[in-house]
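Q: Hi! I have a structure open and I'm new to this. Could you walk me through it?

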Amino acid sequence: MQALTSRARQVDRKPMTFIEKIYLWNIIKGMVITFKHIWKRKETVRYPEQKRAFSPVFRGLHILNRDAEGRENCTACGLCAVACPAEAITMEAAERKPGEEHLYREEKYAARYEINMLRCIFCGFCEEACPKDAIYLTETFAPANYKREGFIYGKPDLLIPAPGEKKQA
Ligand code: SF4
Ligand code: SF4
């Protein structure tokens with residue numbers, strides 16, 4: 001029968017010799033390969049004790065930024081959500097009330113802002129689309145979680161602490 005590829009090989013069906021039956025030669029060949037690799041540079045790292053350096057273009061967890069006076073930059077314009085190819089961003093806009101000028105930079109702000117990290121592909125389009133420098137991708141990655149809800153990051157997780165404020169654990 002004609003072979004389908006040039007890599008086809010005839011199977012050797014002759015009976016095994018005594019040496020072949022005890023697999024000694026194969027064990028020796030395997031051990032030689034093992035010992036050759038013992039002295040080679042190891043590609044694995046002992047995470048989390050050791051951490052690999054990130055690429056300079058690494059994009060990790062998002063943060064919502066504040067201005068120099070500690071006010072939220074985000075004006076809930078929705079451009080990040082529109083740009084997001086994974087539809088990972090959800091937000092609700094609210095009007096700034098008199099007396100809240102120290103909290104929000106403009107008349108509108110995001111009362112609710114959520115990113116579903118299970119959907120996010122860390123492409124950075126949200127950061128590029130934002131006209132207010134409000135959202136950035138950092139060099140940290142989303143920690144593991146046993147529950148899906150743990151991957152829905154809301155404003156308390158995303159917003160950087162205001163000056164003099166400590167981030168909630
Ligand atoms: S990084 Fe990409 S996928 Fe993730 S929220 Fe931003 S736009 Fe969406
Ligand atoms: S993060 Fe930027 S793009 Fe997204 S809603 Fe806020 S201001 Fe608009």
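Q: Great. Is this from an experiment or a prediction?
A: This is a predicted model.

Q: Okay, how many helices and strands does the chain have?
A: The chain has five helices and five strands. Starting at the N terminus, the elements run α-α-β-α-β-β-α-β-β-α.

Q: And is the chain spread out or compact?
A: The chain is more spread out than a compact globule, because its radius of gyration is 28 Å, well over the 15 Å that the globule rule gives for 169 residues. Along its principal axes, the C-alpha trace spans about 90 × 45 × 30 Å.

Q: What share of the residues count as buried?
A: Of the 169 residues, 15% count as buried.

Q: What about contacts between residues at least 6 apart in sequence?
A: Among those contacts, 72% join residues at least 24 apart.

Q: Let's look at a helix. What can you tell me about H2?
A: Helix H2 covers residues 24-38, so to speak its 15 residues, and reaches 21 Å from its first C-alpha to its last. That is close to the 21 Å expected at 1.5 Å a residue.

Q: How many of the residues in H2 are buried?
A: The count is zero among its 15 residues, and H2 is hardly covered.

Q: Now the sheet. What order do the strands come in?
A: There is an open sheet of three strands in the order E2-E3-E5, and the pairing is antiparallel. The edge strands are E2 (89-95) and E5 (152-153), each of which pairs on one side only.

Q: How many bridges join E2 and E3?
A: E2 and E3 pair over seven bridges, in the antiparallel sense. As an example, methionine 91 has tyrosine 113 in E3 as its bridge partner.

Q: And how many for E3 with E5?
A: Strand E3 (residues 108-116) and E5 pair over two bridges, again in the antiparallel sense. Isoleucine 115 has tyrosine 153 in E5 as its bridge partner, and asparagine 116 has isoleucine 152 in E5.

Q: Where do side chains point in a strand, generally?
A: In a regular strand the side chains alternate between the two faces of the sheet.

Q: Switching topic: which residues come nearest to ligand 1?
A: There are 13 residues around ligand 1, and Cys84, Cys120, Cys123, Phe125 and Cys126 come nearest. The shell around ligand 1 divides into 12 nonpolar residues, one polar and no charged.

Q: And which come nearest to ligand 2?
A: Of the 14 residues around ligand 2, the nearest are Cys74, Cys77, Cys80, Cys130 and Ala134. The shell around ligand 2 has 11 nonpolar residues, two polar and one charged.

Q: What is the phi of tyrosine 23?
A: Tyrosine 23 has a positive phi of about 60°, although it is not a glycine. Tyrosine 23 is in the loop between helix H1 (18-21) and H2.

Q: Is tyrosine 23 buried or exposed?
A: Tyrosine 23 counts as exposed because it has 12 C-beta neighbours inside 10 Å, and a residue is exposed at 12 or fewer.

Q: What about aspartate 133, what is its phi?
A: Aspartate 133 also isn't a glycine, and it has a positive phi of about 50°. Aspartate 133 is in the loop between helix H4 (125-129) and E4. With 11 C-beta neighbours inside 10 Å, aspartate 133 counts as exposed.

Q: Which residues does aspartate 133 touch?
A: Leaving out residues up to four places away in sequence, aspartate 133 touches Asn65 and Asn73. The C-alpha atoms of aspartate 133 and lysine 42 are separated by 41 Å, and these two are 91 residues apart along the chain.

Q: Last one: where is glycine 150?
A: Glycine 150 lies in the loop between strand E4 (135-137) and E5. Glycine 150 is partly exposed, with 14 other C-beta atoms within 10 Å. From C-alpha to C-alpha, glycine 150 and histidine 37 are 40 Å apart in space, and 113 residues apart in sequence.

How values were computed:
Residues are numbered from 1 along each chain as its sequence is written. Chains are lettered from A and ligands numbered from 1 in the order in which they are written. This is a predicted model: local features need pLDDT of at least 70, side-chain atom pairs count only at pLDDT 80 or more; totals for chains, interfaces and linings use all residues. A residue is near a molecule or strand if its C-beta atom, placed from the backbone, lies within 6 Å of it. Ala, Val, Leu, Ile, Met, Phe, Trp, Tyr, Cys and Pro count as nonpolar, Asp, Glu, Lys and Arg as charged, and the others, Gly among them, as polar. Helices (H or I, at least four residues) and strands (E, at least two) are DSSP runs, numbered from the N terminus. The radius of gyration is taken over C-alpha atoms; the globule rule is 2.2 Å times the number of residues to the power 0.38. A residue is buried if 20 or more other C-beta atoms lie within 10 Å of its own, exposed if 12 or fewer, and partly exposed in between; C-beta atoms are placed from the backbone. Two residues are in contact if their C-beta atoms, placed from the backbone, lie within 7 Å. The expected span of a helix is 1.5 Å times one less than its number of residues. Two strands pair if DSSP finds at least two bridges between them.
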